Amino acid sequence: MHSNIESHLIEKRVFRPPKDFAKKARIKSLDQYRRMYRESINRPAKFWAREARELVWRAPWKKVVEWKAPFAKWFGGGKLNLSENCLDRHLTSARRNKAAILWEGEPGDKRTLTYQQLHHEVCRFANVLKRHKIGKGDRVIIYLPTIPEAAIAMLACARIGAVHSVVFGGFSADSIRDRIADSGAVAVITADGGYRRGAIVPLKKNVDDALREKTSVKCVIVFRRTGNETHMEEGRDVWWHGELEYVDANCPPALLDSEHPLYILYTSGSTGKPKGILHTTGGYLVGIYSTMKYVFDVRDEDIFWCTADVGWVTGHSYVVYGPLANGATTLMYEGAPNWPEPDRFWKIVQEYRVNILYTAPTAIRAFIRWGDQWVAKHDLSSLRLLGTVGEPINPEAWIWYHKKIGGGRCPIVDTWWQTETGTILITPLPGAIPTKPGSATLPFFGVDAAIVDEKGSEVGANVGGKLIIRRPWPAMLRTIYGDKERYKKQYWSEFPGNYLTGDGARRDEDGYFWIVGRIDDVLNVAGHRLGTSEIESALVSHAGVAEAAVVGRPDEMKGQGVVAFVTLKGGVKPTFGLKEELRNHVGAHIGAIAKPDEVRFAEALPKTRSGKIMRRLLKEIASGATVTGDTTTLEDFSVLTTLRESEE
Ligand code: PRX
């Protein structure tokens, strides 16, 4: 049996950075990228010190990096404050008066906060936290919609050295309870409610349910967002606006060690108990600052819109901290992309004249499905750069994004990274690196990425294997909160000293990385290991298909059989003939080995609220088993019923 993941989908299209884009970009050519990359690998301390010096340090670091595998310290001995770097640093220039946050709520309400105003609000709220005896090292749960208060609460924690843990607003009371228990949080910051597809999500009620039994939480601060009726527990719960009455706006930033914990963000991985990924201050700041600067090549006059919810790492790094550390204008939108209609994103791009748009492949596929007429209604000519994150983007979706949203003129940065990595690690630089649809291209500065076989030996060009990172990088996770052993075992034990990403990938003859998905999702069909994403991309390249998810099911003959769940574009009929056509289409694109044994049409696929397809559920459905296990992250429960009904 082969141990390598086979890769059959060969994409030949290449898009060079447009000349006028490259001319103005910080990194202007492949040569310049290669020179800087070499320096970052050969002399990492020199490279990262130069980046770090662009930021404000209250005491200098003694050593750029100290690596006692698997534990890293970055800028050890240095002292700084992240909120000072995101706010105070900009108050001495014209940035003081520029929009830090442009915000739009789902119902259409709008707010703008300049750097000066944001600083004022953060200082006041930091004083509210202090008033409640919340201090350095205390853990604070933030359970808010994507509203400016989420950023204010995060920055206020950072200002006083409290450690925030943002819990995504779509999670249930049980998830909040687990995260409180694991982190030992002393406070929860929430809102009465948030808007999602026109309905109110009762955030405070979920918090009440989570706190029904005794916990470590002593106080709950509630922001009034929706005005729905809200129970307030005497002695525990206080209103955000009420508390502001008691405080002033004078709050000097706490001096923190570079390795002081900044936040814990829980990620479920594919199975089991959520892991509290711990990020610290100095290295994380330098990492998000540099990636934002080079990957998005962000400019003072840009309006940058990352559509992620603040509850995910993308929201932490590229809605809040990355843009603000660079003095950029970040746009935040609270709601769903199809509310009230499927053109909400394009309306926002047009109205705010957004320049850089960063979104997820799952959203792009949804837009394709909803139809081009929604896009065509709007003027998207302000866009100059597009980005994607979260899963492999199918080449056809990439091409659509490039043509229909980018008007053929915007480079696309397909950025590969993880909650654990804190920042983007594999990515094009838009003025320098030619792109190939479906490839995250080359490693960012300082990132020593490789693809290895089961024994840990690097594999050759176009051979699939496991993606590892061979040395520490500034924004890497420092541990799993409270569980060093799990940290060592999960990420560093398979290939000691190397970080195991859990993703399968290959590199092509140009050294470009092609991520094929989580190793757990790899199929083994008659001794061939196949990445599910390639079969999915082949399906999506058929004119009738909007989205596809491929899973394995036990098969006596082949080890695993291939089952494809397919959603069709509007107006396409789900016929038996089409199923055959799709099977043959995959056969023609990849090879007979990858032909799905079964194609099932579905109205929608089960996804998490962050847009990842829940393959575990599809696997269970495909093998005829009943769905067990945790489904609380499922975006839309009715999908499960309709999927079961899709069985013949
Ligand atoms: O499998 C990879 C996929 O998303 C995983 C990380 O998920 P999470 O921690 O939720 O963070 C998502 C946002 C950073 C990775 O292990 N992934 C992320 N970006 C890409 C990707 N797969 C392919 N291409 C990408 N650009």
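**View 1. Helix α6 lies across β5, β6 and β18**. Helix α6 covers residues 148–160 and runs at about 30° to β6. Helix α5 (residues 115–131) lies across β5 and β6, and its angle to β6 is about 90°. Angles here run from 0 to 180 degrees between N-to-C directions, with axes as lines fitted to C-alpha atoms, for helices over the stretch in contact. Contact itself means heavy atoms within 4.5 Å. Helices (H or I, at least four residues) and strands (E, at least two) are DSSP runs, numbered from the N terminus.

A note on all the views: this is a predicted model, where local features need pLDDT of at least 70 and side-chain atom pairs count only at pLDDT 80 or more, while totals for chains, interfaces and linings use all residues. Residues are numbered from 1 along each chain as its sequence is written, and side-chain values use heavy atoms, with hydrogens and water left out.

**View 2. An open sheet of 7 strands with mixed pairing**. Reading across, the order is β6-β5-β18-β17-β19-β20-β21. Two strands count as paired if DSSP finds at least two bridges between them. The edges belong to β6 (110–114) and β21 (412–415); each has a single partner strand, so one side of each is left without a neighbour in the sheet. From one strand to the next, the twist averages 15°. Look inside the sheet for β5 (residues 99–104) and β18 (residues 329–333), which run parallel and are joined by 4 bridges. Leu102 stands opposite Leu331 in β18.

**View 3. A 4-stranded open sheet with antiparallel pairing**. Here the strand order is β22-β23-β25-β26. Since β22 (449–452) and β26 (513–518) stand at the edges with a single partner strand each, one side of each is left without a neighbour in the sheet. The twist averages 45° from one strand to the next. Zoom in on β25 (residues 499–507) and its antiparallel pairing with β26, which takes in 5 bridges. Asp503 has Arg518 in β26 as its bridge partner.

**View 4. Where domain 1 touches domain 3**. The chain is divided into domain 1 (14–82 + 268–443 + 471–481), domain 2 (115–243 + 259–264) and domain 3 (522–645), with bounds that come from an automatic or database domain assignment. Between domain 1 and domain 3, the C-alpha centres lie 29 Å apart. Domain 1 puts 12 residues into the contact and domain 3 puts in 19 residues. About 1,200 Å² is buried between domain 1 and domain 3, with carbon and sulfur atoms giving 52% of that. Buried area is the accessible area (1.4 Å probe) that two parts lose on being put together, summed over both.

**View 5. Polar detail between domain 1 and domain 3**. The count is 5 residue pairs in polar contact, both residues at pLDDT 80 or more. For a polar contact, a pair of N or O atoms must be within 3.5 Å; within protein, one must be able to donate a hydrogen and the other to accept it, and residues adjacent in sequence count only if both atoms are side-chain atoms. There is also 1 salt bridge between domain 1 and domain 3, a term that asks for a side-chain nitrogen of Lys or Arg within 4 Å of a carboxyl oxygen of Asp or Glu. Glu547 pairs with Arg365 in a salt bridge, with 2.6 Å between the closest N and O atoms. On the side of domain 1 that touches domain 3, α13 (361–370) and α15 (395–405) each supply at least two residues. Helix α13 gives the most to that side, with 4 residues.

**View 6. A salt bridge from Arg26 to Asp297**. The closest N and O atoms of Arg26 and Asp297 are 3.1 Å apart. Arg26 sits in the loop between α1 (19–24) and α2 (30–42), and Asp297 in the loop between α10 (282–295) and β17 (303–306), so the pair ties together parts that are 271 residues apart in sequence. Across the whole structure, the search finds 50 salt bridges.
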